[in-house]
Amino acid sequence: MSILLQSKELEFGYGKRFAAPMNFELQAGEVVALMGRNGSGKSTLLKTLSGKIPALGGSVEIGNQSLNTFPATELAKNIAYISISRAAPERMTVAEFVGLGRMPYSNFFDGRTKEDLRIVNDALALLQLESFADRNVCELSDGERSRVYLAQAVAQQVKILLLDEPNAFLDIPWSHQLFKTLCQLASDRGMGIIVSTHSMEYASKYCNRVMVVDCESVPCGSWLEAEQKGWLEWTK
């Protein structure tokens, strides 16, 4: 497997760091569960890894290149951060919103090419959103919007996907479908995915590894290692 994203002695937080410096590698083809108590810093870590907020120390690299050296357009071709707390745009249809994922590949004012339209339609189909294509995003439920946000990232064709509690508002069948889709994206497209979730059931069933944010460190390893070392004792 190739390394898509790595952190070296990374420190993250707002003024005060959440945990000790962390070293981490995200491999192509894997889905990593990110877990921790409320307020432990999971969202902050994801935002730091995506470049949304600056690191307090250390570095984040895509390939062997520092995240900070990427032009915005090139960074958008490599990595996407998705949070369902993102405000829904007004007077924009699902198809239009998903189409924004093609912006890094063309000027905003240019017409979409046939290839762009194909990629957008494929993303809508993958998330089973064809029947929602002409509806306004702001009219959808939180669960429906979470699928729309993911579809936009799929249309963006990134290799690294960071998701902040994407199943928080999904019912049980759609939560299973979401994680199956993430596994499919990782396997078929060689993506590396980190997904923050409070659900042990979905995380342990679908994710290859688990990363846990606590007040001391951010360990990451196999589920067997997590069990043996007591990383998830706080969930019991």
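Glycine 51, which follows helix 1, has a positive phi, near 90 degrees. This is a predicted model, in which local features need pLDDT of at least 70 and side-chain atom pairs count only at pLDDT 80 or more, while totals for chains, interfaces and linings use all residues. Residues are numbered from 1 along each chain as its sequence is written, and side-chain values use heavy atoms, with hydrogens and water left out.

Helices (H or I, at least four residues) and strands (E, at least two) are DSSP runs, numbered from the N terminus. Buried means under 20% relative accessible area, exposed means over 50%, and partly exposed lies in between (1.4 Å probe, protein chains only). The buried residues of helix 1 are Lys42, Thr44, Leu45, Leu46, Thr48, Leu49 and Ser50.

## Helix 5

Helix 5 runs over residues 142-156, which makes 15 residues. From its first C-alpha to its last it reaches 21 Å, close to the 21 Å expected at 1.5 Å a residue. The expected span is 1.5 Å times one less than the number of residues. Helix 5 is mostly covered, with 13 of its 15 residues buried. Just after helix 5, glutamine 157 takes a positive phi of about 60 degrees.

## Other positive phi values

Most residues other than glycine have a negative phi. Glutamate 9 is not a glycine, yet its phi is positive, about 50 degrees. Glutamate 9 is found in strand 1 (residues 3-11) and is partly exposed, with a relative accessible area of 45%.

Glutamine 128 also has a positive phi, near 55 degrees, in a residue other than glycine. Glutamine 128 lies in the loop between helix 4 and helix 5. With a relative accessible area of 41%, glutamine 128 is partly exposed.

On a 1 Å grid over the protein atoms alone, a pocket is an open set of points where a 1.4 Å probe fits, with protein on both sides within 12 Å along at least five of seven lines; lining residues have an atom within 4 Å of a point. Grid points are joined across faces, edges and corners, and a volume is the space filled by probe spheres set on the points. The largest pocket has a volume of about 430 Å³. It is lined by 20 residues, of which the closest to its centre are Lys52, Ala76, Ile79, Ala80 and Gln156. Helix 2 (72-78), strand 8 (79-83) and helix 5 each supply at least two residues of this lining. By class, the lining of the largest pocket has 12 nonpolar, 6 polar and 2 charged residues. Here Ala, Val, Leu, Ile, Met, Phe, Trp, Tyr, Cys and Pro count as nonpolar, Asp, Glu, Lys and Arg as charged, and the others, Gly among them, as polar.

The second largest pocket has a volume of about 170 Å³. Of its 11 lining residues, the closest to its centre are Ala95, Glu96, Gly99, Leu100 and Arg112. Helix 3 (94-99) and helix 4 (114-126) each supply at least two residues of this lining, and helix 4 gives the most, with 4 residues. The lining of the second largest pocket divides into 7 nonpolar, 2 polar and 2 charged residues.

Contact means heavy atoms within 4.5 Å. Leucine 126 is found in helix 4. Not counting residues up to four places away in sequence, leucine 126 touches Val154, Thr181, Gln184, Leu185 and Arg189.

Threonine 93 sits in the loop between strand 8 and helix 3 and is buried, with a relative accessible area of 16%. Leaving aside neighbours within four places in sequence, threonine 93 is in contact with Ala133, Asp134, Arg135, Asn136 and Val137. Serine 66 belongs to strand 7 (residues 65-66) and is partly exposed, with a relative accessible area of 25%. Serine 66 touches Val60 and Glu61, not counting residues up to four places away in sequence.

## Cysteines

A disulfide is counted as a pair of cysteine sulfur atoms within 2.5 Å. By this rule the count comes to 0 disulfides. Cysteine 183 is in no disulfide, and the nearest cysteine sulfur, that of cysteine 207, is 6.6 Å away. Cysteine 183 is partly exposed, with a relative accessible area of 27%.
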